Amino acid sequence: MKNLKLIVAVALLMTGNATMNAQTTNLDSLTIMLGDVVVKGHKPVYRLSEEGLRTNVQGTVLEKLGTAKEVLAHVPGVVKEKDAIEVAGKGAPLIYINGRQMRDDNELETLKADDIKSVELISEPGAKYSANVHAVIKIKTKKQKGEGFGGDVRSSVYRSENTDLVNNVNLTYRKKGWDVFGTLYHGITEREERTNIMMTLKSNKLWQQEHIQLYKPKYHSLKTTLGTNYAINDSNSIGVKYNYSCNLHDRSNITSVSKIYADGEYYDGIDAFSHREDADCPQNMLNAYYNGTIGKLNVDFNTDYVFIKEADLSVQKEDSRNYDNRTITSFNNVKNRMIASKLVLTYPLLGGRLSWGAELIRTKRNDDFINPEAFVATSYSLLKESSIAPFMEYAKNTPIGSVSAGLRYEHVKFDYYVDGKHIEEQSRKFSNLFPNIGINKEIGNVQLSLSYSVKTVRPTYSQLRNSTFYGNRMLMESGNPCLKHELVHDISVRALWKFINLYVDYDDHRDAIIPWAADDSNGNPDVAHISNTNLRSLKGVTAILTIAPKIGVWSPELTFNVRKQWLKLDVMDATIHFNKPRWRFIWNNAFDFGKGWLATFDSYLYGKGNTANYEFRKLDLYTNASVKKSFLKDKLSVTLGCYDVFHTFRYPSTTYLGNFMIDNISHTDSRDVYLTLRYKFNAMRSKYKGSGAGNAERNRF
């Protein structure tokens, strides 16, 4: 009988038969009492905005989750896999906090959930964003009050096979229109990953390599931010911010035992040990901005300077059963520099809003690779790129719905130098138009949106490099300076009804970039050589269905995500169709017991199927759980949790690379028990409004 009452109550809420007159009450929720069953119907958590899907955080259970990263895991279409954030079918998004681009993932840990007002997911970014940006997340915080000195201190300890420590300190001083702020992050993390790998190369012979590998990296990071901004008045502000980060002593060890077979006969056995040290230091980023209104004209100007220096030393020793032993030493030094400026002007026009502006970017990358033993070639390369991108966008409410349209033009000049010599065939110019159009319409309780856009995917600078890395005596890996940029045509539709959200996206990647085996390695066809290539086209459909009701203290969120692609490749002397759909089921649960108690239980189930030229062969399960208790009017909080509770995350896959294939399954120390202590006093978030320039270009470094 109790279950029947619950079903009836939920049905009443879904059909709208149990409602309240908004003019007679200011309550945000409706409570239906049926015996000892209580079902609450809350104001909509989700709403279509002009650009995308807005998730309300303020006044919902989401504001009690802890950090912004935990909140993003509950946004339909956003997937959180431990520390990584991605948008289904779109990849890693650009994230903005109050209009300022997030420069470091650490910011999602320092931003408390109860400081957030809303999160907006833009799956089809407009013309004011780089054509290389495929998804944007905008986080809007609550209006801050108060002056003086405030802070937020957080410390976490993680225990798996090793012990990790992470500490954050955020300080803010506010006086009238002035904000001065700073952050300090220090982290020591260590991992373990055991992998079974089978590599197969088909050349003059059938070569097979069996590897049992143990990978143990350790990271020691220091990051800091200093900045200030001044609110001239309610409509105008200026500011400057400096980010510094340094990996103090990153290092990793790889131990592997290998057996090599030629046409099924034992060829050799190799015991290898590799030690690598990285010094990604310094990484400097400077941003200055002006945001304000002059009459009816809104002006948003940003300029950025980025300097990133990376250096690594690798020493690999190979002991062979049947052939010579080897010691391979390599040095790789990289310097990235970028200066970028972006201006966006917005003005009301003909009952709508017109935005226009331009973005200018200049980058320079030195990439030096040295192998004294000459097992692979030493190379000194220089990459220079400059681009100019004017854009225009117009949005207006019309009788058929809210309509927006934009056009972005990008002209890119790319110059490639090797050993100081300009390489003509690898130096190119690109000029492309990137249109976008969208319409939102509300029909009764159903909100609908339809959009079309053209985007690009530019190869990373690592993919374009000229150098070759040594894997082992049977395996090399290199960049491909001749890679083309992808051109992506995208059509999407979204439907939203109360707590049910459906999103369907069709995309066509022209000149899609995938990993692929090069024809040979230094003229030796028996050595596998992994690089990258362009496909003529890669088409796919992504569908996401999210259901997120609220039942008493329980806030469940169920998401079913499936991706189906169409791809045919000639691999291993056979034609294979990579058309199997891959699905993902996510079940997030939050339990708000009141009096500062909150529990979460989240499960991610991954199905078999294809993604590009990858095949995922088995089901994979990943489960997280946590309990949080707040004290002292939420000034102090304690969270106890565990990632991968059942230690089931394996990620088995096979990668097909022409005449070469890699089959692997990993066993990592993914089960992490953690304890987090957090204390805040007079906590105030900075009002810094710099949005940054050259954001997508910086990510290519």
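Predicted model: local features only at pLDDT ≥ 70, side-chain atom pairs only at ≥ 80, totals over all residues.

Quick word on terms: strands here are DSSP runs of E, at least two residues, numbered from the N terminus, and two strands count as paired if DSSP finds at least two bridges between them. Residues are numbered from 1 along each chain as its sequence is written, and side-chain values use heavy atoms, with hydrogens and water left out.

Back to E29, residues 475–478: four bridges tie this strand to E28, and the two run antiparallel. Both belong to an open sheet of four strands, ordered E28-E29-E33-E32, with mixed pairing. E28 (468–472) and E32 (513–517) are the edge strands, each with a single partner, so one side of each has no neighbour in the sheet. From one strand to the next, the twist averages 30 degrees; for that, axes are lines fitted to C-alpha atoms, and angles run from 0 to 180 degrees between N-to-C directions.

Now further along the chain. E42 (residues 620–631) and E43 (residues 636–643) are antiparallel, joined by seven bridges. Lys629 sits opposite Val638 of E43. What does Leu632 do in the hairpin of E42 and E43? Four residues lie between those strands, and Leu632 takes a positive phi near 50 degrees.

E43 also pairs with E46 (residues 672–681), antiparallel again, over eight bridges. There, Thr639 stands opposite Thr676 in E46.
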